[in-house]
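Thanks for coming, everyone. Please have the structure open.

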Amino acid sequence: MKSIYTILGVLLLLAATACENFLDVNENPNNPQNAPITGLMTNASYETALNVQRIGSITSNYVQYLASPNPASASDVMEPLNYSGTWFNLYNAMTDLTDLISQAEESEAGHYLGAGQVLMALNLGMTVDIFGDVPYSEGFDFSAVTPMYDDDEQLYAEVLNLLDQGIQNLEGSTAISIGDDDFIFQGDVDKWIKFGNVLKARFMLHSPNVNANEVLAAIDNGFEGNDDDAYVEFFEQRFNPWAQVAINNENLLLGGWISTQFIEALDGTSYPTVDPRLPLMIGTTDEGEFIGVPNGAGRGDAPEQGARSTLIPGQYYTSELSPLLIATYAEQKFIEAEAALASDPNRAYAAYLAGIEAHMDMLEVPASEKEAYLSDPSVRMGAGSLTRDDIMKEKWVALFLHPETWNDARRFDYGYKDMTLPANLNTNLNDQFIRRLPYPDNEVSRNGDNVPEVTLLDRIWWDQ
């Protein structure tokens, strides 16, 4: 259980000492002011996974995995909301990582340094992907009460620089080895190196001027199978957050209702074949049917339970102890397929099929059902007929509930088959899909002179 009780103790220490540096004129010299590097690693690796889920809980409505049971619900119809909590959680993790990186440099702990740089790159990249320009160069030294905002394209260069540095440090020597304080890989440095390369491929793929050869070079040093996946496992004292959504829904705190778009993409409506993953990912109605909710329209006259499909407890994504996925071999294969499509269709096709198979293996789809799906002509169309649409559709299924799909949706201009705008759409969007999140209210009130003026339709640098 990854030394759970020891780690929980460290987390309590972190909660007590806090990660942000506030002035305290009554400082107690007997109270520790700096969290140990092991505690910082525990908190940063754990909170990074939670940040993936926190953003995914926002974006899953935008990419139509989920839909609100209530009509014109703000998240469902893409209205601006206050994301101060999301902002705080991202910056809280990056503040811890700033301290971790500093301590690792001082103690020549090269592997901690490398892992910290990889996690900093991920959290910074996720922050830029949803907000655009954000504070970074003045964001963590606390000398600037109102830090300036850095350009989002320049921050992406920093993301890739951090990943390169992180991989290099992970490949080098270290005075202190990572252990069970690492919630993601439990100190397995080889997996950290692979993870860094997968993230390089992910972030490079976002660029409108992507260099496919560089993406494929990173892929060549990435994951080798599902066993390399980056995730955090949960424990009895803290459930997987998606499990809690499913449990809450059973208790009539409604959430986790499935979009009609997602169901129809897998039940044979939008595409020719029925996907055997559907019953392993979501629940049925009381009648054993898969019925979704149209985004923005709500459940109509359906009761609160039993008549629409929802996330239900006990499945792969929603068991109490289910892993929270950060990056997977399946995602990597779809990145490879997209990057190789123009120059090497055979490699792209093999990667596309491998991505589907990897996700099916993750869900433990029975072998006969997996083979039937992979043999269907609409799925196994041949290298010469494979299109980007095919790759993006299968990646969308395989990254269920993951925020990376909102990046894909914007790069793809929401071009998924039969994906339509929600009913009751926010009128300020002018019949267009949302392109970014608004800056949080707390940041506008605290640092308003530096916060860029943007609308939900203003695109971040790579979404052109």
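**A loop residue, then helix pairs**

Let's start at L252, which lies in the loop between α8 (241-250) and α9 (260-266). A word on those labels: helices (H or I, at least four residues) and strands (E, at least two) are DSSP runs, numbered from the N terminus.

Before going further, the ground rules. This is a predicted model, so local features need pLDDT of at least 70 and side-chain atom pairs count only at pLDDT 80 or more, while totals for chains, interfaces and linings use all residues. Residues are numbered from 1 along each chain as its sequence is written, and side-chain values use heavy atoms, with hydrogens and water left out.

Back to L252. Its relative accessibility is 41%, so L252 counts as partly exposed. The cut-offs: buried is under 20% relative accessible area, exposed is over 50%, and partly exposed is in between, with a 1.4 Å probe and protein chains only. Which residues does L252 touch, leaving aside neighbours within four places in sequence? E304 and Q305. Contact here means heavy atoms within 4.5 Å. L252 and R410 are 158 residues apart in sequence, and their C-alpha atoms are 33 Å apart in space.

Next, D408. Find it in helix α15 (residues 404-411). D408 is buried, at a relative accessible area of 1%. Not counting residues up to four places away in sequence, D408 touches M392, K395 and Y416.

Is N92 buried or exposed? Buried, because its relative accessibility is 16%. From N92 to E138 there are 46 residues in sequence and 15 Å in space, C-alpha to C-alpha.

Now the helix pairs. Two packed helices are described by the angle between their axes and the distance between the axes. Axes are lines fitted to C-alpha atoms, for helices over the stretch in contact, and angles run from 0 to 180 degrees between N-to-C directions.

Stay with α3. Its axis and that of helix α2 (residues 37-62) come within 9 Å and cross at roughly 155°. That makes the two roughly antiparallel. Angles under 35 degrees count as roughly parallel, over 145 as roughly antiparallel, 65 to 115 as roughly perpendicular and the rest as oblique. α2 passes α3 in a left-handed crossing: the near helix is turned anticlockwise from the far one by less than a right angle, and clockwise would be right-handed. The α2 side of the contact includes I37, L40 and M41, and the α3 side includes T86, N89 and L90. By class, this contact has 11 nonpolar, 5 polar and 4 charged residues. Here Ala, Val, Leu, Ile, Met, Phe, Trp, Tyr, Cys and Pro count as nonpolar, Asp, Glu, Lys and Arg as charged, and the others, Gly among them, as polar.

Next pair: helix α4 (residues 110-131) and helix α6 (residues 189-206). They pack at about 25°, with axes 10 Å apart. So α4 is roughly parallel to α6. The crossing is left-handed. Among the contact residues are H111 and A115 of α4, and V189 and W192 of α6. The classes are 11 nonpolar, 4 polar and 2 charged.

Last pair: helix α11 (residues 329-340) and helix α12 (residues 345-363). Their angle is about 160°, and their axes are 8 Å apart. They are therefore roughly antiparallel. This crossing is left-handed too. In α11, Y329 and K333 are among the contact residues; in α12, P345 and R347 are among them. The contact has 12 nonpolar, 2 polar and 3 charged residues.
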